[in-house]
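Please look over the model shown below before reading on. The text then takes up its helices, its core and the contact between its chains.

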Amino acid sequence: MTLDVEKIRKDFPILGKEMRGRPLAYLDSGASAQKPQAVIDAMSDFYSSGYANIHRGVYQLSADATLAYEAVRGKVARFIGARDEREIVFLRNATEAINLVARTWGEANVGEGDEIVLTWMEHHANIVPWQMLAERKGATIRVAEIDDDGVLDVDHLTSLLGPRTKLLAFTHVSNALGTINPAAALVALARERGITTLIDGAQAVPHQPVDVDALGADFYVFSGHKVFGPSGAGVLHGRFAQLDAMPPFLGGGDMIEVVSFDGTTFAPVPQKFEAGTPDIASVIGFGAAIDYLEGIGMEAIAAWEHELLGYATERLETVPGLRIIGRAKEKAAVLSFVLEDAHPHDIGTCLDGDGVAIRAGHHCAQPLMNRMGVPATARASLAFYNTREDIDQLVDALRKTAELFA
Amino acid sequence: MDDLRELYQATILGHNKKPRNFRVIEHASHEADGHNPLCGDQLTLYAQIGPDGTLDDVSFQGTGCAISRASASLMTDHVMGKSLEEIEADFDRFHELVTSSPSEEARTDGLGKLAVFAGVREYPMRVKCATLAWHALRAALEGVATAKTE
């Protein structure tokens with residue numbers, strides 16, 4: 001199955017925009033992806049003609065809104081291969097999902113002297129909630145090594161999995177380097193030892209088919225806004241038995257069964273974790289994003305991005321003084337790089353001058369930057385709507401930048 | 001990219017490549033770290049206050065973008081030998097220059113070579129880079145160990 005990029009680009013109104021007199025080359029989808037018209041329309045239609053609060057009203061509008069919202073739960077479950085749609089919890093984003101697990105599962109299961117194993121390539125969202133938990137509980141964080149190409153040292157990780165290890169949490173795809181981790185194998189290593197697993201899938205779900213059932217992790221989290229949906233809708237996937245055993249997260253409306261001043265009983269999973277009115281329209285928009293992606297096919301998306309990654313790697317290497325950071329063989333379409341004479345921040349500003357949007361900085365992965373020996377990098381992160389022309393525009397602008405700072 | 005010449009003037013590019021006073025002052029009477037958490041820029045500012053209360057020596061070390069390095073370099077030249085009151089007034093003027101509206105005429109009185117940073121007004125995301133060294137200098141003189149631009 002091939003992909004008609006020119007046709008796809010017409011589905012994303014913002015990609016037709018000019019930036020500083022040049023066509024916009026949007027190469028920051030790793031930070032947040034652009035939205036197709038179908039998502040914008042779904043939200044607009046919902047607000048125009050379908051909006052009401054959910055799980056409350058007995059009137060038609062509320063019943064329809066509830067059905068539409070719950071239908072997205074089923075869509076997400078199918079999209080990521082979950083066995084049971086009750087395993088899908090809607091939250092704001094991946095960060096909130098990880099914090100939920102740390103605050104509920106973590107509070108109940110991690111104690112003094114226990115260990116949590118992470119990797120050097122984690123996003124701050126998959127570090128800080130665990131540090132906060134470890135501090136509360138007197139637990140220890142242990143960190144699996146990576147090599148100079150940004151590849152996880154699986155032997156070292158295995159050596160860290162001991163009798164006190166309660167959790168292995170790792171990223172499916174590194175946001176800063178693009179490294180794709182052998183997620184199913186890592187989960188298997190942990191499960192053999194009775195260790196709970198959490199996968200940060202924020203950079204995987206937008207770019208490749210994901211089957212959470214096959215991966216087998218206890219928890220899998222991602223953000224809808226990186227999957228071409230609106231901001232405000234994210235997902236925690238948890239195995240039903242885990243979610244069912246966990247204490248609730250936020251207390252309030254919608255997450256209860258019966259409330260009295262003598263005590264409260266909680267709603268079943270997943271409502272137990274969805275207190276208060278959620279971001280209903282964002283969930284609706286997220287559903288439209290999934291429909292849109294399924295129309296194209298995640299296999300086709302992954303294939304096109306892989307082709308672009310090869311082209312971009314080759315072209316970037318022709319820029320004098322440019323060094324790519326992160327050279328894993330199994331890699332998503334993320335290109336982190338530094339220039340000999342120009343700081344990433346200056347690269348970012350210079351590229352912007354030519355209509356090229358990239359991210360510059362530490363990518364919320366300061367430990368990783370330290371490990372790779374750079375204070376920051378410039379990062380081009382691609383999506384299926386990018387083209388070879390976008391890469392050419394990037395490379396031309398980088399050549400000019402290198403000249404300016406030479 | 002031609003507009004960028006307004007931001008990256010030759011003076012800024014020169015000071016970025018060869019910053020002035022880029023060294024450690026051993027046993028400085030005042031020092032502070034400046035840190036921009038957004039982009040990871042980090043510098044240490046050293047200041048030596050003489051008996052008459054003026055700045056006998058000032059220097060910096062660290063990593064950062066061209067704007068923050070050049071700003072630190074030009075700042076050290078600019079404030080050398082001045083009194084604390086004069087430095088504070090300079091910071092106010094410099095801050096006003098880089099945060100003023102680009103549609104107004106840039107007010108560069110008393111700023112000397114620092115006037116080259118008028119181009120930063122067009123790039124609000126870069127104001128923190130331009131002012132990092134100044135924040136660190138103020139923190140050092142006030143006896144605060146770390147200055148952050150956020």
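Axes here are lines fitted to C-alpha atoms, for helices over the stretch in contact, and angles run from 0 to 180 degrees between N-to-C directions. Helices (H or I, at least four residues) and strands (E, at least two) are DSSP runs, numbered from the N terminus. This is a predicted model, in which local features need pLDDT of at least 70 and side-chain atom pairs count only at pLDDT 80 or more, while totals for chains, interfaces and linings use all residues. Residues are numbered from 1 along each chain as its sequence is written, and chains are lettered from A and ligands numbered from 1 in the order in which they are written.

Begin in chain B, where the axes of α4(B) and α5(B) cross at roughly 165° and come within 11 Å. Because angles over 145 degrees count as roughly antiparallel, α4(B) is roughly antiparallel to α5(B). Two residues are in contact if their C-beta atoms, placed from the backbone, lie within 7 Å. On the α4(B) side, B:Leu84, B:Phe91, B:Phe94, B:His95, B:Val98 and B:Thr99 meet residues of α5(B), including B:Trp134 and B:Arg138.

One of these residues, B:Phe91, lies in helix α4 (residues 84–99) of chain B. Leaving out residues up to four places away in sequence, B:Phe91 touches B:Trp134 and B:Arg138. B:Phe91 counts as partly exposed because it has 17 C-beta neighbours inside 10 Å; a residue is buried with 20 or more other C-beta atoms within 10 Å of its own, exposed with 12 or fewer, and partly exposed in between, the C-beta atoms being placed from the backbone.

A nonpolar core is a set of buried Ala, Val, Leu, Ile, Met, Phe, Trp, Tyr and Cys residues joined through C-beta atoms within 7 Å. The largest one has 171 residues, of which A:Ile284, B:Leu45, B:Ala133 and B:Ala136 touch the most other members. Its largest share, ten residues, comes from helix α5 (residues 127–141) of chain B.

In chain A, helix α3 (residues 60–79) packs against helix α10 (residues 280–296) at an angle of about 40°, with the axes 9 Å apart. That angle makes α3(A) oblique to α10(A). Among the residues making the contact are A:Ala68 and A:Val72 of α3(A), and A:Ile284 and A:Gly287 of α10(A).

Finally, 17 residues of chain A are in contact with 16 residues of chain B. On the chain A side, α12 (344–352), β16 (359–361) and α14 (388–405) each supply at least two residues.

How values were computed: Angles under 35 degrees count as roughly parallel, over 145 as roughly antiparallel, 65 to 115 as roughly perpendicular and the rest as oblique.
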